[in-house]
Amino acid sequence: MSNSTVAKRYALALFQLASEKQALPQVEEELRTVKEVVVNNPELTAFLKSPKLPNEKKKEVLKQAFGSASTYVLNTLMILVDRHREDQIADVADQFIALANDAKGVAEAKVYSVQPLTAEQAEALSASFAPQVGKQSLQIENIVDSNLLGGVKLRIGNRIFDGSLRGKLDRLERKLLG
């Protein structure tokens, strides 16, 4: 079974449990934190992947690191350790977040711009582009990129909307040369 299939199964089970217990927002936020910690700490990842360490030691470290998390999240982490799927923690979090976003009608978008977006600009982008991807709103992560020269570029899933000056110049160049 592929890793993404495994992560989807764990995420779906946790999603169903969190839905039943009306704890979706809390579990989603906790999983975002867990993912951030796991992704940004290569020492923790190496520790969890080590076959020399007993599972009990790994569980103890996870309980200390994420002791304030709900029992649903902690139990999921413990099951992943028991089943030697520690490397799937970030993938399970990603899959859970995707399920939660689908349930809320939200899509995650990366917006590249020359300057940081204001709240009004982010809201306008969300209102304009969410219907184009079949969602109610966008959860925007703004990335400042001075190479764009002007305008914005959006990435929603595997779709890219390029309204940047750099993109327009590149398209014009291709047209003139082609």
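Which residues does N101 touch, not counting residues up to four places away in sequence? They are E28, R32, V106, E108 and Q139, where a contact means heavy atoms within 4.5 Å. The structure is a predicted model, in which local features need pLDDT of at least 70 and side-chain atom pairs count only at pLDDT 80 or more, while totals for chains, interfaces and linings use all residues. Residues are numbered from 1 along each chain as its sequence is written, and side-chain values use heavy atoms, with hydrogens and water left out.

N101 lies in helix α6, which covers residues 89–104; helices (H or I, at least four residues) and strands (E, at least two) are DSSP runs, numbered from the N terminus. With a relative accessibility of 5%, N101 counts as buried, a word that here means under 20% relative accessible area, whereas exposed means over 50% and partly exposed lies in between (1.4 Å probe, protein chains only). K104, also found in helix α6, is partly exposed, with a relative accessible area of 42%. Leaving aside its neighbours within four places in sequence, K104 is in contact with E28 and Q136, and a polar contact of 3.0 Å joins the side chains of K104 and E28. Such a polar contact is a pair of N or O atoms within 3.5 Å; within protein, one must be able to donate a hydrogen and the other to accept it, and residues adjacent in sequence count only if both atoms are side-chain atoms. K104 and S137 are 33 residues apart in sequence, and their C-alpha atoms are 8.9 Å apart in space.

The aromatic residues come next. A search of the whole structure finds two aromatic pairs, a pair being rings of Phe, Tyr and Trp (its six-membered ring) whose centres lie within 6.5 Å, with planes under 30 degrees apart counted as stacked, over 60 as edge-to-face and the rest as tilted. The rings of F15 and F96 have centres 5.9 Å apart and planes at 65°, so this pair is edge-to-face. Because F15 lies in helix α1 (residues 3–20) and F96 in helix α6, the pair ties together parts that are 81 residues apart in sequence. F15 is buried at a relative accessible area of 14%, and F96 is buried at 0%. F129 and F161 form a tilted pair, 5.0 Å centre to centre and with 55° between the planes; F129 belongs to helix α7 (residues 119–129) and F161 to strand β4 (residues 159–162), 32 residues apart.

F96 returns in the largest nonpolar core, which has 28 residues and in which V27, L77 and F96 have the most contacts. A nonpolar core is a set of buried Ala, Val, Leu, Ile, Met, Phe, Trp, Tyr and Cys residues joined through side-chain atoms within 4.5 Å. The elements that give two or more residues to this core are α1, α2 (24–40), α3 (42–49), α5 (71–82) and α6, and the largest share, seven residues, comes from α1. A second, separate core of 10 residues includes A109, V111, L125 and I156.

Most residues other than glycine have a negative phi. Q22, in the loop between α1 and α2, has a positive phi near 50° and is exposed at 68% relative accessible area. L149, in the loop between β2 (137–144) and β3 (152–156), has a positive phi of about 75°.
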